[in-house]
Amino acid sequence: MFRLLKDKAISLKLKSKLILSFMLTSVFILLLFALFFYRYTSTTLLQQSEKATLSSLSQLEVNLTTVLNTVNTVSRNILVSSYFSEEMKLDQISSPDDVQFINDVYDYFSEMMTSYDYIHSIVYYGDNGLIIGSSDNKNYFNFDSSLTGSFYETQLKKDLEEKGGPIVCGGLRYSDFFGGTYSSKMDTRYITLGRRLQTAGQTSGYVVINIRESYLRSLYHDDKKNVSGESLLLDAHDLVISAENKELIGTKAVTSPLDTDNTVHLTLSLGDNDLLNKNNQIIYYPYEHYGLSIVYEMPYEILFENIHQLKVMIITLLAVFLVLALIISMFWIYAITKPLNSLIAAMKTMGSGQIGVRMEAAKSSDFKFLTDQFNQMSRNIQHLIDENEIIQEERHELAVQNLQNQLSPHFLYNTLNTIKWMAIVSKATNVADCVTALGNLLQPLFRNTKTTWPLSDELNYLKNYLRIMNYRTGTPIDFTSEIDPSILPCLMPKFILQPLLENAISHQNPSPEVKNTITLTGHREDNTIFLVLTDNGLGIDPDRLQVLQELLASNEDCTKPLDRASLPQGIGIGILNTNRRIKLQYGNACGLTVASAPGRGTSVTLTLVNVTERV
């Protein structure tokens, strides 16, 4: 199917191809723009929704915190009151005074609840099991000497023992504090604030103040109004302590950050979490006090209600733009293809062998350029044909001249050989030896015109060069080589060692008491060749050595020529060019490294890639 469509597209005329390509491009651009605009609008709405939600939750936090601060103040007042400022020794009712004391505590608790109508009950729990509590419809007194009652085994008590308070938690009911069995209406759900009572540095009891969960929920979410979204109030342990679905109270709510710190993925113990997170934007807002936090669910359906209308409008505009693009493209492309057809006809004529075809200049500036270029191309082709005939004649002359030039090296070798034998006859063996070395030095230059040769040829070249330099300087230098025979066939750039050898000779120790030596060692490690040229000359002072090492280690563009005037004083261009040749040949991983000490000589290490000549 795809191949059939491809063949159909290829067989279309240029005009049809241009219209099709223009339409496809227009569709792609419009769809891309629509997608970008839709995504941008959606992202903006989510950001604005998050910002507005956080602002609203911040305002609601003030209301909730104000109530909790008031309850916290009440708890402190209770602890410092005359009833609880000292440790209670009451463990049973044994006298009228005990009864009066308990009634006074009931009255005191009732007075507090009357002053603050959102406080539903207040309970004191002693370390000895004494329990005194009061609610709006019941007073409670009990001894739990075994300390196994509901409060003594709650997480609230553990938190109070650890932190002292105030601690806010939820999930507890009226029956958890006052015992008995009650109807669902009477068994009120609480949000509890507790505080530890200490006397003489020891814990002697706990004061627990209960607030109706429904009252606190009204401070941050109105269930009676048709408010979009759900809100969950969490305690310091991420347990739900207030929610519209009361079955969630006391269960764990796990939040994981998404795009921002406040946008989260919510996992609840009840319900379909995937559907919950798919259909809602979940906002997490931690309160500054009491370890509380609130999770707000904003349905995407309400958030993107206006986006659906925008989607319909975008689709309608796309259809209108496509129709307009088709009409405009048909007229526009016809005007384009007309001069192109004329150009194609002229090119076919030239293809048939009629060189020098000319076209009339087009009226359009763009196509005038094409016709001018075609006419110029036609003239250039004719000119190239004429030039090709001249080049063929010049190539013949160069071939003859090349044969003549090949005679020059033979003449030079014969002349050097004549000088050599004249020196032998005259018993000037040093002259004969020098001429022989020069002949051996020049011979590979003419015989091998490639840019690389084996290490063995480079070694022979160095030996001949050193023989000539020994005659020139008059101070013989011992040269030894310790080369692994397996790397002698390794190819390397020609004359790569000669500048280094020349530097070693020029910096030899001038003292007659010192025997100057130069040693070349070489070995292979995996696919890398290491050559080390060592001398016992004057060495390099530390400052100049550091500059030289930095220049050798740099990976600057090796194709640009070095400016000799810009080099630091005392740094020769020969060793730098040798380093650049190696890097150009093998890459920046290869090159030169130098180690030296004043008066102790210099060691130059060449790192090359093991390349052998292919058979």
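Visitor: Leaving out residues up to four places away in sequence, which residues does Thr263 touch?
Guide: This is a predicted model, to begin with. In it, Thr263 touches Glu50, Ser256, Pro257, Leu258, Ile282 and Ile283, once residues up to four places away in sequence are left out.

Visitor: Where does Thr263 lie?
Guide: In the loop between strand S9 (253–257) and strand S10 (264–268).

Visitor: Is Thr263 buried or exposed?
Guide: Thr263 counts as buried, because its relative accessibility is 12% and the cut-off for buried is under 20%.

Visitor: What separates the C-alpha atoms of Thr263 and Tyr284?
Guide: A distance of 6.2 Å, although the two residues are 21 apart along the chain.

Visitor: New topic, salt bridges. How many are there?
Guide: The count is four. One of them joins Glu161 and Lys157, with the closest N and O atoms 2.2 Å apart.

Visitor: Where do Glu161 and Lys157 lie?
Guide: Both are in helix H4 (residues 155–163), four residues apart, which is about one turn of the helix. Glu161 counts as partly exposed at 39% relative accessibility, while Lys157 counts as buried at 12%.

Visitor: And Lys246, which side chain does it meet in a salt bridge?
Guide: That of Glu213, at 2.9 Å from N to O. This pair links distant parts of the chain, 33 residues apart: Lys246 is in the loop between strand S8 (240–242) and S9, and Glu213 is in helix H6 (residues 213–220).

Visitor: Is Glu213 buried or exposed?
Guide: Glu213 counts as buried, at 2% relative accessibility. Lys246 is partly exposed, with a relative accessible area of 28%.

Visitor: What does Lys515 form a salt bridge with?
Guide: With Asp478; the closest N and O atoms are 3.7 Å apart. Lys515 sits in the loop between helix H14 (498–506) and strand S16 (517–525) and Asp478 in strand S14 (residues 478–483), so the pair ties together parts 37 residues apart in sequence. Both ends count as partly exposed: Lys515 at 46% relative accessibility and Asp478 at 36%.

Visitor: Now the whole chain. How many helices and strands?
Guide: The protein chain has 16 helices and 19 strands. Of its 615 residues, 39% count as buried.

Methods: Residues numbered from 1 in each chain as written. Predicted model: local features only at pLDDT ≥ 70, side-chain atom pairs only at ≥ 80, totals over all residues. Heavy atoms only, no water. Helix = DSSP H or I, 4+ residues; strand = E, 2+ residues; numbered from the N terminus. Buried < 20%, exposed > 50% of the residue type's maximum accessible area, 1.4 Å probe, protein only. Contact = heavy atoms within 4.5 Å.
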